[in-house]
Amino acid sequence: MNYLRIIITSVLFLISHEASADDSIPKRKRGVPGFKPLSDTVNSEKSGFFILPLIYFTPDTRWAFGGAGVYYFKLPSKDSIGKDTRVSNVQFLGDYTQNKQLDLWGQWNVFTRNENFLFKGELRFRNFPDRFYGIGNATSKDFNELYEYNLFSFKSLFLKKIHHGLFLGFDYHFEETFGFVHQPNSSLLVNNITGNKGTRQSALGLVTVYDTRDNVINSHKGQLVEISSYFYNKAIGSTYNFNVLNFTYHQFFKIKRNHILALQTKARFASGEVPFLDLSIVGNDDLLRGYPKNRYRDHNFVGTQVEYRFPLFWRFGMTTFVGVGDVFKKQSDLKFENLKYSVGAGLRFVINPAERLNLRLDYGYGKEGGYFYILVAEAF
């Protein structure tokens, strides 16, 4: 299998810091150190922290070493009548490879008391090679080139609750790419692809979120609808003028206890002078798993998938999924023979039953083969 990503989890540490509803329970009755008993409920766990050291190997990185972690917490309501807010989380990831590549990433999703406000954001620095296959939905996997660049990115989203589950707000996004290294006779340079030597992007965004999910980490019921528009403009520091419109829809159905049918639909539309790194893509670890990262690029993307999640035994579960979608510039570029499909399955191991936090190992298969993925939390 070409470019099969082999990922080995070397050690799994779960370091928990609890504010339990009943601290009188002796520690010897809490189960394996660091793991929560399956009888724990969502309301009995207020906060926790875990670290997952990783070792993996890919053709582009050779051996890589790193770690991922999540700190999660819930804030109580301001009155005795209200319920606790949904769980908030702060995630981080860092790895370093034999090829001297570095990726540092962190993001946060924080509900204030009574969910009056929602703060989301991301901070990232990466120095990593990538492959450019061209632009469009009919490019060949055999014709690709390596390039390298540095990226610094910052996003900060502020949302105010308007009604139960409904949030409105604004976002700011800053991103700078620099230090590009190209192969000789690179098509990025020969064809003068926009953004081939680096860019600075600065955007203001307007965001609407309707979120009734019972748990943002691993939903069993409810829905998420998010619509956002971003305006990158030279007047606020961007190298290029362009706009991006995003649409996300998630719906979760509880068929029976711990049997969940999950639906996801995404659309992204970009217009103006869009740098190639800001084009819409096929190839990621959430929607249309089974393609190399950034395998296809173009201005627009539409895609949808269905996932069925169910338990196996003890802390193990399983997921099956199927999806379809594609990138395109004009509507006429969407042709049945070019559509990208993804089918696959995955194992789940419950790290923390109270918050339904899972370690997932997925295998997705597409038109050109398949990929393994190992990550923390569900794909959506």
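Some ground rules come before we start. Residues are numbered from 1 along each chain as its sequence is written. Because the model is predicted, local features need pLDDT of at least 70 and side-chain atom pairs count only at pLDDT 80 or more, while totals for chains, interfaces and linings use all residues; side-chain values use heavy atoms, leaving out hydrogens and water.

**Exercise 1. Find out how many helices and strands the protein has, and what share of its residues is buried.**

Step 1: Helices (H or I, at least four residues) and strands (E, at least two) are DSSP runs, numbered from the N terminus. The protein has 1 helix and 19 strands.

Step 2: Buried means under 20% relative accessible area, exposed over 50%, and partly exposed in between, with a 1.4 Å probe and protein chains only. Of the 380 residues, 48% count as buried.

**Exercise 2. Work out where the pLDDT is lowest and highest among the elements.**

Step 1: pLDDT is the predictor's confidence in each residue, from 0 to 100. The protein averages 84, and 84% of the residues score at least 70.

Step 2: Strand 1 (residues 6–8) has the lowest mean, 39, whereas strand 12 (residues 259–272) has the highest, 97.

Step 3: Residues 1–44 have a pLDDT below 50, yet this stretch makes 91 contacts (heavy atoms within 4.5 Å) beyond near neighbours in sequence. Where pLDDT is low, the predicted coordinates should not be read in detail.

**Exercise 3. Identify the strands that pair with strand 7.**

Step 1: Two strands pair if DSSP finds at least two bridges between them. Strand 6 (residues 117–132) joins strand 7 in the antiparallel sense over 16 bridges; one of the bridges links Leu 118 to Leu 159.

Step 2: Strand 8 (residues 166–182) also pairs with strand 7 in the antiparallel sense, over 15 bridges. Here Glu 148 has Val 181 as its bridge partner.

Step 3: Look at the hairpin of strands 7 and 8, with 2 residues between the strands: Gly 165 takes a positive phi near 85°.

**Exercise 4. Which residues of the largest nonpolar core touch the most other members?**

Step 1: A nonpolar core is a set of buried Ala, Val, Leu, Ile, Met, Phe, Trp, Tyr and Cys residues joined through side-chain atoms within 4.5 Å.

Step 2: Among its 40 residues, the answer is Phe 50, Tyr 147, Leu 159, Phe 276, Leu 357 and Val 376. Strand 7 (residues 145–163) gives the most to this core, with 5 residues.

Step 3: Beyond neighbours within four places in sequence, the contacts of Val 376 include Phe 50, Leu 52 and Leu 357.
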